[in-house]
Amino acid sequence: MRIRGLGRWALTWLLFSFTLSLAGQQKPVQDAVHEGPNPALPVLHIDNGPNSAQARAEHYVVLVSLDGFRWDYAKRDEAKHLLALGKHGVWAPEGMLPSYPSLTFPNHFTIVTGLYPEHHGLVANGFWDETRQERYGIGDAKAVTDGSWYSGTPLWSLAESQGMRTACFFWPGSEAKIAGFQPTYYLKFDDKIDDTARIQQVLEWLRLPEADRPHFITLYYSEPDHEGHEFGPDAAETRAAVLKVDGLVGKLKAGLDATGLSIDLVVVSDHGMAKVEGGWITLDQFADLTGFESVGSLLYGKTEEDRARVYNQLKKASSQFVVYRRRDVPPELNYSQNPREGDPVVIATGPYAIRAHAPPAGRTDQPPTAGAHGYDPRTLGQMKASFFAAGPDIVEGKTVQPFENVNLYPWLAHLLGLTPPKTDGSLNVLAGTLRDGGADREK
Ligand SMILES: [Zn+2]
């Protein structure tokens with residue numbers, strides 16, 4: 001919903017990373033070398049030392065994200081591998097609640113930090129920072145790899161700081177040094193890398209000698225989000241993509257089983273997808289945005305007077321959105337504390353495409369995509385995400401009620417035997433899915 005270009009974020013991310021790497025503008029971090037275990041893939045390696053003795057004794061967690069895999073897709077399309085995973089472990093048949101806004105970067109980073117977007121800093125896929133006088137955008141390789149944009153302690157940094165090696169086959173934030181660490185192994189985002197090659201790489205990491213073998217691994221697929229945007233959530237193309245990624249999960253699971261290691265496999269998504277209703281709602285048709293910075297539908301007024309004026313102009317403008325002064329955004333959205341959220345804050349009341357401005361003259365104005373997300377999951381249930389997990393530390397055959405995705409972090413940390421910092425999530429929420437009930441372990 002935020003911006004057309006960013007709604008199609010996967011493609012944008014890909015194109016920008018690709019263009020910039022062609023231009024040679026993005027150099028690997030200083031201490032990284034191109035010598036991953038698979039020479040065919042451009043795996044970057046940071047030497048964080050060997051696994052500690054304690055880390056070696058821990059189990060393994062493979063965290064998979066299927067972008068835009070709406071909570072009801074698995075059952076709807078009979079995704080047999082995911083449903084089997086849920087049956088042998090736990091799943092959320094009514095979905096998992098993404099954090100607001102239900103967008104890709106904010107939610108991926110929430111999943112690995114346990115923080116609401118306004119606490120980890122990625123309040124949208126693109127936003128303005130008044131203090132820095134700079135924009136963050138998921139297609140901007142310089143911003144994406146700059147750790148100073150991010151707050152919180154990503155799970156890989158938590159693990160690395162506690163002597164445990166990690167690997168990311170893509171994850172928002174994994175290309176930056178955050179909380180003092182980068183994953184031991186990671187790759188620059190390039191969505192053209194073959195789906196199966198990603199799985200082979202994960203399995204290769206798990207075949208490394210014990211000292212170097214990552215215990216926490218992320219794996220990311222941009223489907224079925226891409227199809228959901230282009231064709232809508234109910235289209236045949238989207239259903240085909242659902243079954244395609246389900247097949248990849250099946251392949252991964254078989255490969256993980258064959259390693260003989262104790263691996264908890266966790267498959268999640270960042271958000272769902274809704275069919276967009278109507279054409280663009282362009283905010284500058286209702287309000288004078290002179291002097292405002294804007295990114296998508298985010299508005300940044302420079303003076304209190306400007307902010308109050310635009311708030312009043314937008315207040316009764318449309319039934320398709322509500323507008324709040326930032327301090328008055330309803331608390332359940334957790335979207336009132338970070339200046340990056342702008343002020344006033346416009347929130348869609350349905351699956352509508354909202355933007356501050358139309359493209360400048362000379363640039364074609366395309367209609368909104370068929371499908372979109374970013375909306376409040378409490379009012380638009382189609383925004384809910386997926387959660388499936390099974391493994392030696394997880395109980396069998398249990399379902400969980402919809403829960404907020406901030407609670408994954410302490411749960412994942414527990415699976416890995418890590419001590420997490422205080423976050424917005426609580427281990428209590430998913431403790432019933434753990435074989436040990438979430439009890440403290442002797443160290
Ligand atoms: Zn998307």
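The model is a predicted one.

Start with the overall division. Domain 1 covers 9–275 + 379–433, and domain 2 covers 280–368. Their C-alpha centres lie 30 Å apart. The contact between them draws 16 residues from domain 1 and 15 residues from domain 2. On the domain 1 side, strand E4 (126–129) and strand E10 (274–275) each supply at least two residues. E4 gives the most to that side, with 4 residues. By class, the side of domain 1 that touches domain 2 holds 8 nonpolar, 3 polar and 5 charged residues.

Now turn to strand E8, residues 216–221. E8 is mostly covered, with 6 of its 6 residues buried. Phe-216, Thr-218 and Tyr-220 point one way from the strand. Ile-217, Leu-219 and Tyr-221 point the other way. Both sets are buried.

E8 also has strand partners. Strand E2 (residues 60–66) pairs with E8 in the parallel sense, over 6 bridges. Here Val-61 stands opposite Phe-216 of E8. Strand E6 (residues 166–169) pairs with E8 in the parallel sense too, over 4 bridges. In that pairing, Phe-169 stands opposite Leu-219 of E8.

Finally, look at helix H6, residues 104–113. Why is H6 described as largely enclosed by the rest of the structure? Because 10 of its 10 residues are buried. Gly-114 follows the helix, and its phi is positive, near 75 degrees.

Notes: Residues are numbered from 1 along each chain as its sequence is written. This is a predicted model: local features need pLDDT of at least 70, side-chain atom pairs count only at pLDDT 80 or more; totals for chains, interfaces and linings use all residues. A residue is buried if 20 or more other C-beta atoms lie within 10 Å of its own, exposed if 12 or fewer, and partly exposed in between; C-beta atoms are placed from the backbone. Domain bounds come from an automatic or database domain assignment. Two residues are in contact if their C-beta atoms, placed from the backbone, lie within 7 Å. Ala, Val, Leu, Ile, Met, Phe, Trp, Tyr, Cys and Pro count as nonpolar, Asp, Glu, Lys and Arg as charged, and the others, Gly among them, as polar. Two strands pair if DSSP finds at least two bridges between them.
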